[in-house]
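This briefing covers one protein chain, taken topic by topic.

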Amino acid sequence: MIPYAFTSTSHLAITISLSFVFFIGVTLIGFRRHGLHFFSLFLPSGAPLALAPLLVVLEIVSYSFRGISLGVRLFANMMAGHTLVKILCGFS
């Protein structure tokens with residue numbers, strides 16, 4: 001570690017950008033590998049057809065928020081690590 005250095009991954013914008021790149025890459029790989037069958041991810045098997053419109057909308061919303069969730073979790077883990085190092089360095 002370099003004294004007075006600052007890591008770029010401790011910014012929320014950077015971690016969300018990294019998670020969106022990963023999220024888009026995984027989605028493209030899944031679509032390339034499975035083709036149109038990839039969309040069956042949004043309708044669980046065995047679900048009643050009457051609930052299909054509601055379930056598809058809920059699954060699409062939850063799938064799209066996965067990128068934001070990954071970014072926030074990465075940011076929180078990075079900040080916790082940096083905070084812990086600062087606290088431990090303060091003891092010396």
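In this predicted model, the count of aromatic pairs comes to eight, taking rings whose centres lie within 6.5 Å. F42 and Y63 make another edge-to-face pair, at 5.5 Å and 80°.

**Aromatic residues**
- F31 has 36% relative accessibility and therefore counts as partly exposed, since that class lies between 20% and 50%.
- F38 counts as buried because its relative accessibility is 12%, which is under the 20% limit.
- The pair of F42 and Y63 links distant parts of the chain, as the two residues are 21 residues apart.
- F42 lies in the loop between α1 (12-34) and α2 (52-64), whereas Y63 belongs to helix α2.
- Both F42 and Y63 are buried.

**Nonpolar surface patch**
- A nonpolar patch on the surface consists of L12, F20, I24, L28, V57, V61, F65, I68 and V72.
- Together these residues have about 760 Å² of accessible area.
- Two or more residues of the patch come from each of α1, α2 and α3 (66-90).
- The most is given by α1, with four residues.
- F65, a member of the patch, is found in the loop between α2 and α3.

**S19 in helix α1**
- S19 is located in helix α1.
- With 6% relative accessibility, S19 counts as buried, because the limit for that class is under 20%.
- When neighbours within four places in sequence are left aside, S19 is in contact with G67, L70 and G71.

**Overall shape and surface**
- The chain contains three helices and zero strands, in the order α-α-α along the sequence.
- The radius of gyration is 19 Å, while a compact globule of 92 residues would have a value near 12 Å.
- Along the principal axes, the C-alpha atoms fill a box of roughly 65 × 25 × 20 Å.
- Buried residues account for 12% of the 92 residues.
- Of the contacts with a separation of 6 or more, 60% are between residues 24 or more positions apart.
- The chain exposes about 7,300 Å², of which 75% is supplied by carbon and sulfur atoms.

Methods
Residues numbered from 1 in each chain as written. Predicted model: local features only at pLDDT ≥ 70, side-chain atom pairs only at ≥ 80, totals over all residues. Heavy atoms only, no water. Phe/Tyr/Trp six-rings, centres within 6.5 Å; stacked < 30°, edge-to-face > 60°. Buried < 20%, exposed > 50% of the residue type's maximum accessible area, 1.4 Å probe, protein only. Patch = residues over 30% accessible without salt bridge, like charges linked within 9 Å, V, L, I, M, F, W, Y side chains within 5 Å. Areas by Shrake-Rupley, 256 points an atom, 1.4 Å probe, with all protein chains shown as cover. Salt bridge = Lys/Arg side-chain N within 4 Å of Asp/Glu carboxyl O. Contact = heavy atoms within 4.5 Å. Rg over C-alpha atoms; globule rule 2.2 N^0.38 Å.
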